[in-house]
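Dear colleague,

Here is the structure I promised to hand over, with the sequence alongside. My notes on what was found in it follow below.

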Amino acid sequence: MDNLAKAAEAMRSAQHIIVFTGAGVSAGSGIPTFRDDLTGLWERRDPQRLETAQAFRENPALVWGWYLWRRQQVMQAKPNAAHQAIHRLSGSERNVTVVTQNIDDLHERAGNQEVLHLHGSLMRPKCFACHRFIVGPLVFPIIPAEGALIEPPRCRRCNGRMRPAIVWFGEDLPPGVWKAASQAARQCDILLSIGTSGVVRPAADLPDIALASGAVVIHVNNVDVSMNGPNEIMLIGPAEKILPQLIALTLT
Ligand code: NAD
């Protein structure tokens with residue numbers, strides 16, 4: 001039996017499945033991942049200069065402009081066949097928990113309304129000073145180019161600067177979200193890990209938590225990212241190609 005058939009067989013008998021996604025699930029929608037060769041965002045930008053509270057303190061207009069530009073890229077992208085296949089799986093009779101490291105909203109736009117965003121979202125600004133989420137509508141300006149300097153809007157309550165509500169280097173994960181995700185990882189039958197390099201912790205611990213609790217972990221990635229454990233199945237290829245095949249086989 002090949003790995004795809006093996007994975008589908010395991011999926012068919014599972015009651016609770018976690019779909020755990022990383023930047024690779026959105027690569028097929030044209031959103032660059034962080035660490036891929038040639039197209040990775042980090043090849044052109046030093047994340048330490050843009051994705052820390054310190055960077056925001058030093059140059060809020062550069063950091064806000066960078067995130068507005070990324071947000072605009074996401075708004076122009078569409079969910080791909082992988083996001084759609086995940087939504088199809090969620091509509092089956094199984095208990096499916098979607099956990100993402102992504103800060104885009106492509107799972108939501110594919111139809112998954114309840115998504116655990118471990119690293120927050122580009123779509124919801126919050127106040128850098130009082131940490132409250134923005135009240136009322138916010139008009140996002142059109143960003144002419146990556147690197148544009150744009151002064152962040154001010155919080156209506158405390159006049160602090162607004163920042164994107166994403167988890168920067170050195171910051172903790174939203175505690176309720178991590179608790180829900182790690183609890184689900186301890187209880188699932190299968191964790192489907194899609195398009196993640198597995199280096200950003202603690203998010204990357206979720207597959208290990210699932211394995212330690214007796215679950216099967218199915219990896220979908222362009223490259224082999226498995227540890228070759230007895231309960232791991234590696235499916236090599238683009239998520240937007242493999243996921244529709246896996247879900248179709250699972251639901252037949
Ligand atoms: P990563 O960039 O470290 O790794 C991406 C992984 O996806 C790699 O292992 C790569 O081989 C694989 N990949 C690339 N294209 C693929 C495809 N078409 N199908 C399947 N796999 C593919 O990303 P990460 O592991 O998610 O961790 C880094 C951080 O990047 C996360 O915290 C996340 O917030 C952030 N990020 C998010 C987005 C987004 O929201 N779309 C984009 C870039 C980075």
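His131 sits in the loop that joins β4 (120-127) to β5 (162-166), where strands are DSSP runs of E with at least two residues and helices are runs of H or I with at least four, both numbered from the N terminus. The phi angle of His131 is near 70°, which is a positive value in a residue other than glycine. Pro202 lies in the loop between β6 (190-194) and α10 (205-212), and the peptide bond that leads from Arg201 to Pro202 is cis, with omega near 5°.

Please keep in mind that this is a predicted model, in which local features need pLDDT of at least 70 and side-chain atom pairs count only at pLDDT 80 or more, while totals for chains, interfaces and linings use all residues. Residues are numbered from 1 along each chain as its sequence is written, and side-chain values use heavy atoms, with hydrogens and water left out.

**Around the ligand**

As for polar contacts (pairs of N or O atoms within 3.5 Å), a polar side-chain atom of His119 lies 2.6 Å from an oxygen atom of the ligand.

**Helix α11 and its partners**

The axes of α7 (residues 81-90) and α11 (residues 239-250), which are lines fitted to C-alpha atoms over the stretch in contact, with angles from 0 to 180 degrees between N-to-C directions, come within 7 Å and cross at roughly 20°. The two helices are therefore roughly parallel to each other, a term for angles under 35 degrees. In contact (heavy atoms within 4.5 Å) are, among others, Ala85, Ile86 and Leu89 of α7 with Leu243, Pro244 and Ile247 of α11. The residues of this contact divide into 10 nonpolar, one polar and two charged, where Ala, Val, Leu, Ile, Met, Phe, Trp, Tyr, Cys and Pro count as nonpolar, Asp, Glu, Lys and Arg as charged, and the others, Gly among them, as polar.

Helix α1 (residues 3-12) also meets α11, with axes that come within 8 Å and cross at roughly 50°. Leu4, Ala7, Ala8, Met11 and Arg12 of α1 make this contact with Gln245, Leu246, Ile247, Leu249 and Thr250 of α11.

Note on methods. Parallel < 35°, antiparallel > 145°, perpendicular 65-115°, else oblique. Polar contact = N/O pair within 3.5 Å; in protein donor to acceptor, adjacent residues only side chain to side chain.
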